[in-house]
Amino acid sequence: MTEPRLSAALQRIAPSQTTAMTDRATELRAQGRDIISLSVGEPDFDTPAHVVEAMKAALDAGQTRYTSVGGTAAMKRAAALHFERDLGIATDTAHVTISAGGKQAIFHALMATIDPGDEVVIPAPWWVSYPEIVRFAGGTVVTLPTQPENGFRFSAAELEAVITLKTRWLLMNSPGNPTGAVFTAEDLTAIAEVLDRHPQVLVMSDDIYAPLTYTGAPHATLTALRPDLADRVLTVSGVSKSHAMTGLRIGVATGPQWLIRAMEKLQSHSSGNPCSISQAGAVAAFEGPQDFLADWRETFRRRRELVVARVNAIPGLSTPVPQGAFYCFIDAAPLIGDKVADDGALALHLLEHGVAVVAASAFGGTHCGLAGFRISFAASEAQLTEAMDRIEKAVAAL
Ligand SMILES: Cc1ncc(COP(=O)(O)O)c(C=O)c1O
């Protein structure tokens with residue numbers, strides 16, 4: 001039989017390596033192997049009880065039918081509240097849409113706006129899905145490399161150097177996955193001045209990790225600082241990371257009405273409305289108490305300190321202190337080429353020693369001259385300690 005034919009668009013993309021590593025860890029566990037998974041990007045806390053109760057009540061009330069494609073009126077109000085209260089972005093329900101996770105909002109926004117030849121600037125290291133979505137949409141990825149010594153942030157001048165007349169989007173992510181980079185208000189003000197000179201550029205501000213910063217400064221985001229840019233910035237957020245609701249698949253976005261309508265048009269033919277029960281849960285998440293977040297942040301901060309200290313004590317490994325999110329982007333360059341062929345082989349070696357991580361190359365680390373791996377510190381201190389013991393042994397065994 002001849003090979004089944006896949007679309008040219010699909011052939012342009014690779015499967016998600018974070019998901020692949022997590023699946024491999026699950027497979028090995030099913031075979032009875034003891035694997036600590038630090039590859040997945042989700043909080044290990046339970047979904048707050050009031051969110052679960054709201055979803056049970058929605059089920060009991062028979063809320064199991066289609067909702068409006070872009071979300072219920074209550075959900076849009078809750079999302080607008082979240083953008084205003086938590087991100088400082090003045091918006092209203094007409095400028096908000098709800099999707100099946102932040103990922104879908106990003107996918108629909110890019111699919112709705114990119115034509116072949118359009119360039120999309122993506123700072124590297126990047127979240128795995130950004131370049132794949134851009135390629136699927138037919139766009140050209142323009143890499144904007146960043147370095148650990150600059151906190152994985154790019155400067156206004158570095159941004160300006162890669163913008164052309166073909167630039168359609170700049171994808172921003174602060175706090176960032178995989179590096180924990182956090183852009184300051186000062187950084188963003190300078191970036192906004194570059195954007196002023198290039199009105200053809202749209203900006204995706206992926207703020208999904210906004211509640212998780214360890215800098216002490218309030219979260220800074222482009223349209224809160226420069227509301228006049230609201231007609232070309234799409235801010236994406238959600239409940240996956242902030243409220244431990246990754247499986248429930250709710251993402252929220254706010255931006256210009258033409259873009260929100262375009263995303264909903266596409267959504268009307270892809271998934272339709274996001275899950276009705278999950279929407280009820282997300283309303284409770286945004287409208288209910290937020291005080292638990294301070295405790296979660298504190299827990300993450302302690303874990304971050306533990307992991308950073310342990311990593312930096314292992315010869316051949318180093319990491320800067322991540323300023324947000326729950327990842328450490330670990331440099332293993334001294335080991336690569338010498339003790340192990342590449343960072344993909346290093347990740348497999350660590351898996352053999354019982355820890356699942358994701359190679360830096362999956363996040364575009366190679367574009368920055370970086371080789372190593374990302375770990376998530378969304379695991380208990382006991383698990384992190386055991387994982388670090390295993391990593392230390394694995395590196396010594398190379
Ligand atoms: C930077 C970034 N953006 C968006 C998402 C998507 O989140 P969701 O689970 O809500 O689709 C993730 C999840 O890993 C992420 O790390």
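User: Which element gives the largest share of the lining of the largest cavity?
Analyst: Two strands (DSSP E runs of at least two residues, numbered from the N terminus), β3 (119-124) and β5 (167-173), each supply at least two lining residues. A cavity is a set of points on a 1 Å grid over the protein atoms alone where a 1.4 Å probe fits but cannot get out; lining residues have an atom within 4 Å of a point. The largest share, 3 residues, comes from β5.

User: What kind of model is this?
Analyst: Residues are numbered from 1 along each chain as its sequence is written, and side-chain values use heavy atoms, without hydrogens and water. Local features need pLDDT of at least 70 and side-chain atom pairs pLDDT 80 or more, while totals for chains, interfaces and linings use all residues, as the model is predicted.

User: How much space lies in the largest cavity?
Analyst: The structure holds 2 cavities of 30 Å³ or more. Pro 123, Pro 125, Phe 152, Asn 173 and Gly 176 lie nearest the centre of the largest one, among 18 lining residues. Its volume, the space filled by probe spheres set on grid points joined across faces, edges and corners, is about 160 Å³.

User: How many charged residues are in the lining of the largest cavity?
Analyst: Asp, Glu, Lys and Arg count as charged; Ala, Val, Leu, Ile, Met, Phe, Trp, Tyr, Cys and Pro are nonpolar, and the others, Gly among them, polar. The lining has 13 nonpolar and 5 polar residues. The charged count is none.

User: What is the volume of the second largest cavity?
Analyst: Its lining includes Met 172, Asn 173, Ser 174 and Asp 207. By class, that lining has 4 nonpolar, 4 polar and 1 charged residues. The volume is about 50 Å³.

User: Which helices each supply at least two residues of the lining of the largest pocket?
Analyst: A pocket is an open set with protein on both sides within 12 Å along at least five of seven lines. The largest has a volume of about 530 Å³. Among its 25 lining residues, Gly 41, Lys 103, Trp 127, Lys 241 and Arg 249 lie nearest the centre. The helices (DSSP H or I runs of at least four residues) are α2 (17-30) and α5 (102-111).

User: Is Leu 351 buried or exposed?
Analyst: Leu 351 sits in helix α13 (residues 343-352). Its contacts (heavy atoms within 4.5 Å) beyond four places in sequence are Met 21, Arg 24, Leu 28, Arg 33, Ile 35 and Ala 356. Buried means under 20% relative accessible area, exposed over 50%, partly exposed in between (1.4 Å probe, protein chains only). Because its relative accessibility is 1%, Leu 351 counts as buried.
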